[in-house]
Structure formats: structure tokens, C-alpha cells
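Let's take a friendly walk through this model together. Please have a look at the sequence and the fold below, and then read on.

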Amino acid sequence: MLEVAVIEEPAAAEASLDPMRSRLLAALTEPASAAMLAARLGLPRQKVNYHLKELERHGLVELAEERRKGNVTERVYRATAASYVISPSVLAAVSPDPTRSPDQLSARWLLALGSRLVQEVGALLTGASRARRRVASFGIDAQVRFASAADRAAFAEELAQSVATLVSRYHDESAPGGRSHRVVVGLHQIPAAPPEAEAEAKAGAGTEPVGAEVAAGDIAAAADEAGSTPNQEDPR
């Protein structure tokens, strides 16, 4: 089972978004038969069987084993991944394009960068999985609490300059056999959690996280990638 699978086919995305099929996918992180799922989820077995076949047809579940029970052969299924991400390529005609209106201070542009990141890394994972190779990548995830908007602006400026310096130092357009990589750096506020979720998090962690939410992705691969672009968040 993969840790994360990227859904790139519209029909597979549609299948995964069906509420009942989504429940079955979540339940099938542990192998189970249609009868086991029906009992566990309180659903008719015939209906579970139908949805399992559709999920299998789209590659979202797979046959784990077949076992005899009297005169019946029981088919045991499992999800092909522990979690799934739907690639923006599913909506290719209307997916956001970060080259259309690049603006470092636009949250919508940051979202477009994120969309492209998911699409490109998803394509790399799909290709690497078929070739049975690993994708070479790097990411940073941290949190920072700014005392003021001025501090946030200064941080963003210094971060952008640091990335630009690193890119200019290591970028070699004419290197024979060189591989292009994309570097994405984003800075954004963390959405407020609902009160009950915040209380649970504090009870579980005991202390508040300290650090920075700088999402930095170096989308590399044992195949192909491209470019380099720093980004900042919307000012308030």
C-alpha cells in the first residue's frame, strides 16, 4: 500500500468523492471483504459489493487475497493507498495557472503555485511508481509568530533575497546532464481552528508549537522537473 496516491483521472476522482465510496476507502486501510465492510459500516452487502467493484475499476482498491469459506470464495480488498490527493490536472481546463498573473503578494497566486506543486509532484510520483523508482524531493514545514506586520514584511523580504541568492549561486543553465528543479517557498497565516479542535490539540500536545510556517518544496525527481520561484503572502 502506498502512503499517498495521486488521482489524475476525472472518473477516478468522481468515484473517490462519492460519500459511500469515500467511507469504504477509509475503512479499507485494513483489508476486508464486502461482508466485513457491510457489517462494520451498517450497509447492505450488495451495495458494498457494487461500490467495491467501481473502486477497483478505477484502481483505488485492489484484491488483497481470495479465501475459501465453504462453497464460497471470499474476496478480500484493500485500498491502494493510505490517503489520496486529487491532482488539479483532473480539472485541466480550469486549473489555476501561476504564470497567468504572478504576484508575490497575492494569496490566490500562492494557491496557484500550490496547485501546480500538487500537479507536478503527482505526475512525478505516478511516473516513478510505474518505473519502480523513488522521487528525490525536499520540504520544509515550520511556524513563525510575528510581533507585527512590519516584522512579517521584513521576514518575507529577507527570505526572498536568500532564496534568490541560493538560486543564482547554484543555477547552471548549460550544465550537461543537469536536471531542472522547481523551488517553491510560501508564507501564509494558519487558519484559526474551531474551539473544540484547539482544546483537543492543546490537551494532546501539552505545549504550543514554536517555529515558522514556511512551506518550502524542492520538487526534485529521479526523472524530470523545472525552474525556480519565491513567493510571499497577502499583506493585511
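The side chains of Arg 67 and Glu 65 form a salt bridge, with 3.4 Å from N to O. By salt bridge we mean a side-chain nitrogen of Lys or Arg within 4 Å of a carboxyl oxygen of Asp or Glu. Arg 67 is partly exposed at 30% relative accessible area, and Glu 65 is partly exposed at 37%. Here buried stands for under 20% relative accessible area, exposed for over 50%, and partly exposed for in between (1.4 Å probe, protein chains only). Salt bridges with shared partners also join Glu 56, Glu 66 and Arg 75 into one network. The structure holds seven salt bridges.

This is a predicted model, where local features need pLDDT of at least 70, side-chain atom pairs count only at pLDDT 80 or more, and totals for chains, interfaces and linings use all residues. Residues are numbered from 1 along each chain as its sequence is written, and side-chain values use heavy atoms, leaving out hydrogens and water.

Another salt bridge brings together Arg 78 and Glu 62 (2.9 Å, N to O). This pair links distant parts of the chain, since Arg 78 is in strand β4 and Glu 62 in strand β3, 16 residues apart. Helices (H or I, at least four residues) and strands (E, at least two) are DSSP runs, numbered from the N terminus.

Now for the sheet: three strands form an open, antiparallel one in the order β2-β4-β3. Its edge strands are β2 (32-33) and β3 (61-69), each pairing on one side only. Strands pair if DSSP finds at least two bridges between them.
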